[in-house]
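Notebook open, model loaded. I'll jot down what I look up as I go.

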Amino acid sequence: MKKALIINGSPKANGNTMKVVNIFKEFFDGETEVINLYAHLSSDNKGCQTCIDCGGCERAAGCVVKDKFQDILRDDFDIIILAFPIFYSNATSAVFNLISRFNFMYNNKKHLGIKHNFKEKTSALIILGGGSACESLQGCSNEDSPIKQGRFILKKLNAPLRDDNIITVLNTDDIKIEDNNGLKEQIKRLTARLG
Ligand SMILES: Cc1cc2nc3c(=O)[nH]c(=O)nc-3n(C[C@H](O)[C@H](O)[C@H](O)COP(=O)(O)O)c2cc1C
């Protein structure tokens with residue numbers, strides 16, 4: 001049985017992101033584990049904190065900061081689902097915290113000659129937006145930034161993202177997840193691809 005790690009980058013426990021995640025869980029025929037990146041939602045009240053450049057990874061393998069990032073480093077799953085809402089045309093701050101934590105790989109290699117190898121996994125990226133695109137809300141043209149940010153994380157985790165495994169759920173300000181025709185079918189097809 002396959003195991004999927006679901007990384008929730010929304011600050012809401014039962015927000016739109018988790019509603020989509022719940023649809024995924026409904027169709028996925030395997031085990032799931034959810035990690036909440038935001039501290040206030042996390043079982044350890046820490047979530048995934050930002051890298052503070054403590055230097056621990058210059059002296060010891062891995063990351064010395066004990067929080068939910070350690071659960072991601074366990075690497076005992078076959079699939080990663082990264083899900084987050086767009087905040088001002090970007091990923092949320094908790095997702096940026098996660099990006100910063102890959103600093104341990106750079107320092108382990110540079111200072112200790114240790115190359116961290118994640119096992120190869122499959123992945124999907126679920127991104128939500130209240131509007132139809134970032135540009136229309138922001139007057140800027142970086143609407144693909146959240147996708148690039150998500151792709152970067154998944155690549156670091158050795159779970160390269162296939163384009164057809166990107167699910168964008170837009171216009172959530174006007175269309176409730178429950179009323180989003182086609183979303184269930186889209187997620188169902190995703191779970192079939194992920195196996
Ligand atoms: C601070 C903030 C910034 C946001 N910026 C954007 C944005 O740039 N583009 C967009 O489409 N939606 C934006 N939204 C809307 C959210 O992405 C949308 O409501 C999403 O469904 C929230 O998911 P959640 O309920 O899991 O938090 C923003 C929401 C907040 C709170």
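**Asn16.** I started here: Asn16 counts as buried because it has 20 C-beta neighbours inside 10 Å. My cut-offs: buried means 20 or more other C-beta atoms within 10 Å of the residue's own, exposed means 12 or fewer, partly exposed is in between, and C-beta atoms are placed from the backbone. Before going on, a caveat: this is a predicted model, so local features need pLDDT of at least 70 and side-chain atom pairs count only at pLDDT 80 or more, while totals for chains, interfaces and linings use all residues. Numbering runs from 1 along each chain as its sequence is written.

Asn16 sits in helix H1. (Helices are DSSP runs of H or I with at least four residues, strands are E runs of at least two, and both are numbered from the N terminus.) Leaving out residues up to four places away in sequence, I find Asn16 touching Pro85, Leu128, Thr172 and Ile177; contact here means C-beta atoms, placed from the backbone, within 7 Å. I also checked Leu125, which is 109 residues from Asn16 along the chain, and the C-alpha atoms are 14 Å apart.

**Ile177.** Buried or partly exposed? Ile177 counts as partly exposed, because it has 18 C-beta neighbours inside 10 Å. Besides Asn16, its contacts include Lys19, Val20 and Leu183, again skipping residues up to four places away in sequence. Ile177 and Gly15 are 162 residues apart along the chain, yet I get 9.7 Å between their C-alpha atoms.

**Helix H1.** Next I checked the length of H1. Its 12 residues should span 16 Å at 1.5 Å a residue, and the end C-alpha atoms are 17 Å apart, which agrees. (The expected span is 1.5 Å times one less than the number of residues.) I list Asn16, Thr17, Met18, Val20, Val21, Ile23 and Phe24 as its buried residues. They pack against S1, S3, S4, strand S5 (166-169) and helix H7 (183-194).

**Strand S3.** What about S3, residues 79-85? I count 7 of its 7 residues as buried, so the strand is largely enclosed by the rest of the structure. Ile79, Ile81, Ala83 and Pro85 point one way, and Ile80, Leu82 and Phe84 the other. S3 pairs in the parallel sense with S1 (residues 3-8) over 5 bridges and with S4 (residues 122-128) over 7 bridges, also parallel. (A pair needs at least two DSSP bridges between the strands.) I noted two bridge partners: Ala4 with Ile79 of S3, and Phe84 with Ile127 of S4.

**Ligand.** Which residues are closest? Of the 18 residues around the ligand, the closest are Gly15, Thr17, Pro85, Gly129 and Gly130. (My cut-off is a C-beta atom, placed from the backbone, within 6 Å of the molecule.) H1 (16-27) and H5 (134-138) are the elements giving two or more residues to this shell, and H5 has the largest share, 3 residues.

**Whole protein.** I count 7 helices and 5 strands, running β-α-β-α-β-α-α-β-α-α-β-α from the N terminus. The C-alpha trace spans about 50 × 45 × 30 Å along its principal axes. I find 36% of the 195 residues buried. Of the contacts between residues at least 6 apart in sequence, 76% join residues at least 24 apart.

Note on methods: Two residues are in contact if their C-beta atoms, placed from the backbone, lie within 7 Å.
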